[in-house]
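I opened this notebook to record what I looked up in one structure. The entries follow in the order in which I made them.

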Amino acid sequence: MRWLALVLLAAPAAAQEFAPVHEVLSHPRCANCHVETDVPLWRTGVPHGLGVVAGESRMGIETLPCGTCHRAENGGFPHAAPGVEGWALAPPEMAWAARTPREICEQLKDPERNGGRTMAEVADHVSHDPLVVWGWAPGLGRDPAPGSPEEAARAILAWDAAGAPCP
Ligand code: HEC
Ligand code: HEC
């Protein structure tokens with residue numbers, strides 16, 4: 001029965017290691033682009049208005065390109081289109097919106113679904129990629145993602161060092 005005690009003891013700790021990572025990934029500033037469907041989310045995570053469809057390009061090239069409105073910089077007033085160069089939805093296999101913490105945890109460490117990255121590369125992406133870093137400087141009137149890019153990268157490395165347990 002000793003293994004059972006170990007499993008029971010380990011369970012809350014596992015949930016805890018991933019919690020700070022999940023808190024960032026599931027925030028609307030991140031999850032609004034990490035959707036499985038063709039329609040981005042905006043504001044608190046409701047479907048993007050204006051009939052926008054991302055298409056296979058994930059950038060609206062087939063219909064109305066994201067870059068028509070999402071320029072290289074955030075618009076200067078509340079509800080103006082935010083922006084950085086290369087605005088696009090994440091590929092469907094990297095979707096987090098509407099997924100459970102466990103599902104997000106499993107896919108984040110799966111090279112088949114995280115762009116072939118090691119955990120160190122995922123942490124580096126989170127602290128350096130312009131689309132990600134935008135989540136902490138999202139423009140007037142929007143809540144930024146919790147913490148900072150560096151704190152998020154450290155949380156990913158700490159979770160990985162603990163064996164990347166999933167809740
Ligand atoms: C404007 C849309 C957009 C926003 C906002 C955005 N991402 Fe992404 N994200 C992408 C795209 C596109 C990719 C695919 C790029 C690639 O794999 O090189 C991606 C890939 C990733 C990846 C690597 C793949 C994976 O799932 O492991 C991570 C990690 C990530 N984003 C984290 C974040 C975090 C954290 C935030 C919020 C602070 C965020 N993203 C906000 C568009 C976005
Ligand atoms: C016709 C203009 C227009 C087009 C085209 C457009 N958007 Fe937007 N988008 C906006 C505006 C305006 C906002 C800001 C809405 C607000 O904050 O109330 C926005 C907000 C967003 C947000 C929410 C950011 C956040 O977390 O607050 C995402 C994600 C987004 N757009 C993705 C896309 C993607 C991906 C495409 C291309 C497939 C696209 N948009 C095409 C005008 C547009």
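Before sorting any shell by class, I noted that Ala, Val, Leu, Ile, Met, Phe, Trp, Tyr, Cys and Pro count as nonpolar, Asp, Glu, Lys and Arg as charged, and the others, Gly among them, as polar.

I am working with a predicted model, in which local features need pLDDT of at least 70, side-chain atom pairs count only at pLDDT 80 or more, and totals for chains, interfaces and linings use all residues. Residues are numbered from 1 along each chain as its sequence is written, while chains are lettered from A and ligands numbered from 1 in the order in which they are written.

Ligand 1. I took a residue as near a molecule if its C-beta atom, placed from the backbone, lies within 6 Å of it. I found 23 residues around ligand 1, with Cys 30, Cys 33, Asn 114, Gly 115 and Gly 135 the closest. Two or more residues each come from α1 (2–25), α2 (28–31), α4 (119–128) and α5 (130–134); helices (H or I, at least four residues) and strands (E, at least two) are DSSP runs, numbered from the N terminus. The shell holds 17 nonpolar, 5 polar and 1 charged residues.

Ligand 2. I found 26 residues here, of which Pro 40, Trp 42, Gly 60, Cys 66 and Cys 69 come nearest. I sorted this shell into 17 nonpolar, 6 polar and 3 charged residues.

Backbone. I noted that Arg 43, although not a glycine, has a positive phi of about 50°. Arg 43 sits in the loop between β1 (41–42) and β2 (46–47).
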